[in-house]
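The sequence and structure come first.

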Amino acid sequence: CKILRCNSEYVAATLHLRGPDRGAAFCTALRSYSLCTRRTARTCRGDLAFHSAVHGIEDLMIQNNCSKEGPTAPPRPRPPAPNPHGFESLDICDYERSFLYKHGRPPGFQHCAAFGDPHIRTFHDDFHTCRVEGSWPLLDNDYLFVQATSSPVAKGSNATVTSKLTIIFKNMKECIDQKVYQAELDNLPAAFQDGSVNGGARPGGSSLAIWERSPGRHVEIRADYIGTTIAVRQAGRQLSFSIRAAEEVARAFTEEQDLQLCVGGCPRSRSPRGRGRVPAETARALCREMLPVEDVYFQSCVFDVVTSGDTNFTMAARGALEDARLFLPDAEKLHIFQ
C-alpha cells in the first residue's frame, strides 16, 4: 500500500501555500491527492490511513469549494532520504508533515485572539470581554507560555488595553532552544530577546522564525515544529495577539495549568464601567467603515470606542478580524453573533 507516498506528495505540494490567495493551487493539489489515492485503492482497501485520507480530501474539497474536475499536478520526484532513520527523523521539526505521515490526514487547528479593551476569542469560539489589570496568561501549555499585561487606556479611565506581551517558546529536543519574544507599546521587535530571528543552532532551528509584516505594527512568528503561527499587532496605544495552533498543541496542558484565557475565557470580575466618552451612534458609524458585518468584532469595536474615546480601536478590531480570516480552519466560524 503506497498511501504514505500520496500523503507526502500532497504535503510537498501545499507546504508553502498560505493565505486567502492559495485557492486554485490548493484545489489542484487536492485533486492530485485524490487521484493518487484512487490509484492505490485496490491495494489499500484495508488500510485505515487510506480511508482517513479519502474522507479528509472530501472534507477539504467541500471547505475550499474545489471542483472534482480540473487540472492536477504531476507527482514530485521523491529525494532519497539523507539518513537511515527515514521520514520521521527527517521531518520531526515540521509538525504538519510529520502529523500527516503518521495519521494519514492533516492536523486540526484552533484559533484564539486577544484585542481591544481586552476581548478574548477562545479556542472554543466563545467570546469574552475582560475587565482585568495586571498580567494574565493567555496560554500555558507544554510548548508555549503567553502572558498579556493590561493597563488603563488613560489615567482615570475604566478602559484597559494590552500594553505588553511575553511569549515563551519552550525548549524542544532537536528542534529549538528556548526563545522569548517580548513586545511593548512602541516596541514591536522583529527578533527574539537574544537578538536572534530563528530557533537557534539546533538542526530544526529554522522551524521557528519571525517576519516583520509591517514595521512597528505587525509581526508574525511561525513555529512550524508545533504547527503554530502567532501574529502580534499594535494599533494606536494597544497591542493585540492572535494564534493558530494545532489542536494537539493547544490541549497539551495539565490540571495545574488551569488559568489560560485562550482556553477558559476571562476570570469573573465585578469592576464597574465608567460613562461613555463617545456617543454610541458616532462609534457605530466609525466601526462600520472598518467592519461592515455587525458581528462580535463590530460590537467590540463600538464598545471600545464608546468607553475609551480612542478611534484606533477600530483598527484593532479590523486587525483581529483579518487574523481570524487567515487563521481559522473553518471559514464559516469567522463571524460570531451574540
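Which cysteine does a disulfide join to Cys 6? The partner is Cys 36, with an S to S distance of 2.1 Å.

The model is predicted, so local features need pLDDT of at least 70 and side-chain atom pairs count only at pLDDT 80 or more, whereas totals for chains, interfaces and linings use all residues. Residues are numbered from 1 along each chain as its sequence is written, and side-chain values use heavy atoms, with hydrogens and water left out.

**The chain as a whole**

The protein chain holds 10 helices and 11 strands. Helices (H or I, at least four residues) and strands (E, at least two) are DSSP runs, numbered from the N terminus. Of its 338 residues, 48% count as buried. Buried means under 20% relative accessible area and exposed over 50%, with partly exposed in between (1.4 Å probe, protein chains only). The chain exposes about 17000 Å², and carbon and sulfur atoms supply 50% of that area; accessible areas come from the Shrake-Rupley method with a 1.4 Å probe, and for residues only the protein chains shown count as cover. Taking contacts (heavy atoms within 4.5 Å) between residues at least 6 apart in sequence, 57% join residues at least 24 apart.

**Disulfides**

A disulfide is a covalent bond between the sulfur atoms of two cysteines. Here it is assigned to a pair of cysteine sulfur atoms within 2.5 Å, and the count by this rule comes to 6.

| Pair | S to S distance | Torsion about S-S |
|---|---|---|
| Cys 6 and Cys 36 | 2.1 Å | about -80° |
| Cys 130 and Cys 266 | 1.8 Å | -80° |
| Cys 287 and Cys 301 | 2.0 Å | -90° |

The torsion of about -80° makes the disulfide of Cys 6 and Cys 36 left-handed. Cys 6 lies in helix α1 (residues 3-14) and Cys 36 in helix α2 (residues 23-44), so this pair ties together parts that are 30 residues apart in sequence. Cys 6 and Cys 36 are both buried.

The link of Cys 130 and Cys 266 is also left-handed. Cys 130 sits in the loop between β3 (127-129) and β4 (134-140), and Cys 266 in the loop between α7 (261-264) and α8 (280-290), so the pair ties together parts that are 136 residues apart in sequence. Cys 130 counts as buried at 2% relative accessibility, and Cys 266 is buried at 17%.

The link of Cys 287 and Cys 301 is left-handed. It connects distant parts of the chain, with Cys 287 in helix α8 and Cys 301 in helix α9 (residues 296-308), 14 residues apart. Both Cys 287 and Cys 301 are buried.

**Helix α9**

Helix α9 has 13 residues and reaches 18 Å from its first C-alpha to its last, close to the 18 Å expected at 1.5 Å a residue. The expected span is 1.5 Å times one less than the number of residues. Of the 13 residues of α9, 11 are buried, so the helix is largely enclosed by the rest of the structure. Among them are Phe 298, Val 302, Asp 304 and Val 305. The buried residues of α9 pack against β1 (109-115), β2 (119-121), β3, α8 and α10 (313-327).

At the start of α9, a side-chain oxygen of Asp 295 comes to within 3.1 Å of the backbone nitrogen of Tyr 297. Just after the helix, Gly 309 takes a positive phi of about 75°.

Most residues other than glycine have a negative phi. Asp 125 has a positive phi of about 65° although it is not a glycine; Asp 125 is found in the loop between β2 and β3. Asp 186 likewise has a positive phi, near 65°, and is found in the loop between β7 (179-184) and β8 (208-214). Asp 186 is exposed, with a relative accessible area of 57%.

**Aromatic pairs**

Rings of Phe, Tyr and Trp (its six-membered ring) pair if their centres lie within 6.5 Å; planes under 30 degrees apart count as stacked, over 60 as edge-to-face and the rest as tilted. By this rule there are 7 aromatic pairs. The rings of Phe 115 and Tyr 297 have their centres 5.7 Å apart and their planes at 20°, so the pair is stacked. This pair links distant parts of the chain, with Phe 115 in strand β1 and Tyr 297 in helix α9, 182 residues apart. Phe 115 and Tyr 297 are both buried. Tyr 10, Phe 26 and Tyr 33 form one aromatic cluster.

How values were computed: Polar contact = N/O pair within 3.5 Å; in protein donor to acceptor, adjacent residues only side chain to side chain.
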